[in-house]
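Please look at the structure shown below, and keep it in view while reading the paragraphs that follow. They go through one chain, then the other, and end with the contact between the two.

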Amino acid sequence: MNRPKIGILDCGSGNLRSVYKAFRREGALPAISKAVDPEWDGLVLPGVGAFGHAMRNIDHVRDDILSFVRGGRHFLGICLGLQVLMESSEENPGAAGLGLVPGNVVRIEAEKVPHIGWNSLDIRKESQILAGMKTGTYFYFVHSYHADPADEVVVASCSYQGSHLTAAVETDNVHACQFHPEKSGSEGLKIIANFSRLAGDG
Amino acid sequence: MGLAKRIIPCLDCDLAVPQGRVIKGIRFKQHVYAGDPAERARLYDEQGADEITFLDVTASSERRETMVNVVERTTDEVFIPVTVGGGIRKVEDFVRMLRAGADKCSVTTAALQNPGLITRAAEVVGSQAVVVSIDAQRRDAPDGGRGKHIVDTPMGPSWYECWVYGGREGTGVDAVEWAVEAEDRGAGEILLNSIETDGMQSGYDCSLTSTVSRLLSIPVIASGGCGEPEHFLEAFRDGGADAALAASIFHFDEYTVGEVKDYLSQRGIRVRI
């Protein structure tokens with residue numbers, strides 16, 4: 001069996017161990033690193049915290065991430081890792097995102113922010129990363145901002161106090177979820193498995 | 001549609017043995033040992049728990065490695081959020097627990113003694129990882145209630161005092177006002193424990209919970225007093241809690257997490273099933 005090599009980029013925040021363990025559990029060969037290794041089959045950018053802080057932390061590998069993605073290999077952004085794919089964020093207006101997905105990140109408009117807890121997905125279109133997921137499946141979210149890209153890249157959303165929040169996006173080999181698949185129980189592990197398979201298949 | 005109400009089993013841990021062990025308290029007194037914390041966490045995960053909380057009841061910094069070990073062994077196999085509380089005093093304690101696989105740490109005494117800890121921890125690990133836990137003792141309201149936030153309760157007008165050191169020492173600090181300050185300082189969630197109802201299994205303090213929940217925009221986790229599935233219903237419906245924490249109802253296998261969720265779902269509460 002081909003065990004895909006999954007690189008987990010350490011941008012100095014949060015709990016990388018759970019992401020690592022989740023990939024191990026789903027049969028991949030994960031590695032946590034501060035640099036991008038061209039040998040990887042897939043690149044994962046997890047992250048929590050502020051947009052500007054994350055962009056500063058990955059600034060030195062920005063070009064390596066972009067060339068990895070442009071080379072056609074699979075990328076998975078988790079939580080803040082989804083937001084940094086965008087062009088900019090209201091959270092830190094001066095910081096430039098990776099710009100791999102057109103659009104901005106905006107603050108959640110709701111009575112209670114942050115949006116913390118388990119919310120159910122509304123599947124908007126078929127995707128590779130959410131293969132096998134049905135509308136109504138619950139995932140764990142923690143965030144105060146959300147991406148606002150063009151509708152065609154949004155593969156799932158969730159509703160929260162009258163707002164529709166972007167829950168997952170996909171463009172070819174770039175996949176990202178606002179929720180934490182590594183903290184969403186067995187359904188979350190299916191997404192980890194989906195990404196491992198995509199990365200392994202090239 | 002929206003967020004599901006969260007059910008959080010709490011594991012009180014005695015870390016005096018190498019792997020740690022779960023304590024089942026019976027009305028504060030008798031302690032029964034209920035096995036390996038990581039095993040128990042796995043069981044609750046299988047039952048559908050939304051999160052797991054480990055509480056070091058000895059709050060001992062010298063046994064911090066034992067808690068790290070418990071968290072590591074748990075998060076090897078459990079892929080839901082994990083919170084660690086008890087004995088968290090410094091930003092480095094947060095970082096250490098998060099590296100071990102925890103998602104959040106809760107602070108009680110250290111936050112009251114040093115409120116700047118909340119802000120510094122939030123800057124380093126993010127607000128989402130900073131849970132301020134409040135042990136609130138109900139007090140009959142003084143005449144006129146000068147300077148205290150008065151709450152109407154079934155026992156009459158009351159105010160709530162923050163207690164520290166595992167509910168052993170009063171501070172005079174108003175718990176409702178402290179909750180508001182904790183949010184302002186960067187707390188991501190409030191774990192609101194009522195000392196009076198804790199261990200009584202007669203229901204959460206919904207007066208306190210709804211007061212705090214209405215004043216804050218961050219989630220409020222009700223704690224203390226759960227003995228029946230009905231108590232969860234009250235915490236969500238009457239207390240406006242976003243999540244509810246419970247220990248003994250699950251430890252004694254009276255109910256599984258799944259049974260509680262079925263009960264709530266049948267009564268119109270949105271839960272993750």
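Helix H6 of chain B is followed by B:Gly186, a residue whose phi is positive, near 115 degrees. This is a predicted model, and the angle, like every other value here, is computed from it. The helix itself covers residues 175-185 of chain B, and its buried residues are B:Ala175, B:Val176, B:Trp178, B:Ala179, B:Ala182 and B:Glu183. When H6(B) is seen down its axis, these buried residues fall within an arc of 160 degrees, and therefore they line one face of the helix.

Two other helices of chain B can be followed as a pair. The axes of helix H1 (residues 37-47) and helix H2 (residues 64-75) of chain B come within 9 Å and cross at roughly 35 degrees, and the crossing of H1(B) with H2(B) is right-handed. On the side of H1(B) the contact is made by B:Pro37, B:Ala38 and B:Ala41, while H2(B) contributes B:Val70, B:Arg73 and B:Thr74. Sorted by kind, the residues of this contact are 4 nonpolar, 1 polar and 1 charged.

The strands of chain B come next. Strands of a sheet pair through backbone hydrogen bonds, and they do so either parallel or antiparallel. Strand E7 (residues 130-140) of chain B has 8 of its 11 residues buried, so it is largely enclosed by the rest of the structure. With strand E6 (residues 104-107) of chain B, E7(B) pairs in the parallel sense over 3 bridges, and here B:Val107 stands opposite B:Val132 of E7(B). E7(B) also runs parallel to strand E11 (residues 189-194) of chain B, to which 6 bridges join it, with B:Val131 opposite B:Glu189 in E11(B). With strand E9 (residues 156-164) of chain B, however, E7(B) pairs in the antiparallel sense over 6 bridges, and the bridge partner of B:Gln137 in E9(B) is B:Glu161.

In chain A, 8 strands form an open sheet in the order E2-E1-E3-E4-E13-E12-E11-E8, and the pairing is mixed. Its edge strands are E2 (29-33) and E8 (122-123) of chain A, each of which pairs on one side only. Within this sheet, strand E1 (residues 5-9) and strand E3 (residues 42-45) of chain A pair in the parallel sense over 3 bridges, and A:Gly7 has A:Leu43 in E3(A) as its bridge partner. Helix H1 (residues 16-25) of chain A lies across E1, E2, E3 and strand E4 (74-78), and runs at about 160 degrees to E2(A). Helix H5 (residues 185-201) of chain A lies across E1, E3, E4 and strand E13 (174-177), running at about 155 degrees to E4(A).

Chain A also has an open sheet of 3 strands, in the order E5-E6-E10, again with mixed pairing. Strand E5 (88-89) and strand E10 (145-149) of chain A stand at its edges with a single partner strand each, so one side of each is left without a neighbour in the sheet. Strand E6 (residues 103-107) of chain A is joined to E10(A) by 5 bridges, and the two run antiparallel; A:Asn104 stands opposite A:Asp148 in E10(A).

Finally, how many residues does the contact take from chain B and from chain A? It takes 23 residues from chain B and 28 residues from chain A. On the side of chain B that touches chain A, the residues divide into 8 nonpolar, 7 polar and 8 charged.

Definitions and conventions: Residues numbered from 1 in each chain as written. Chains lettered and ligands numbered in written order. Predicted model: local features only at pLDDT ≥ 70, side-chain atom pairs only at ≥ 80, totals over all residues. Pairing = 2+ DSSP bridges. Helix = DSSP H or I, 4+ residues; strand = E, 2+ residues; numbered from the N terminus. Contact = placed C-beta atoms within 7 Å. Axes fitted to C-alpha atoms, helices over the stretch in contact; angles between N-to-C directions. Nonpolar A, V, L, I, M, F, W, Y, C, P; charged D, E, K, R; others polar. Buried ≥ 20, exposed ≤ 12 C-beta atoms within 10 Å, placed from the backbone. Left-handed = near helix turned anticlockwise from the far one by under 90°. Arc of directions from axis to C-beta.
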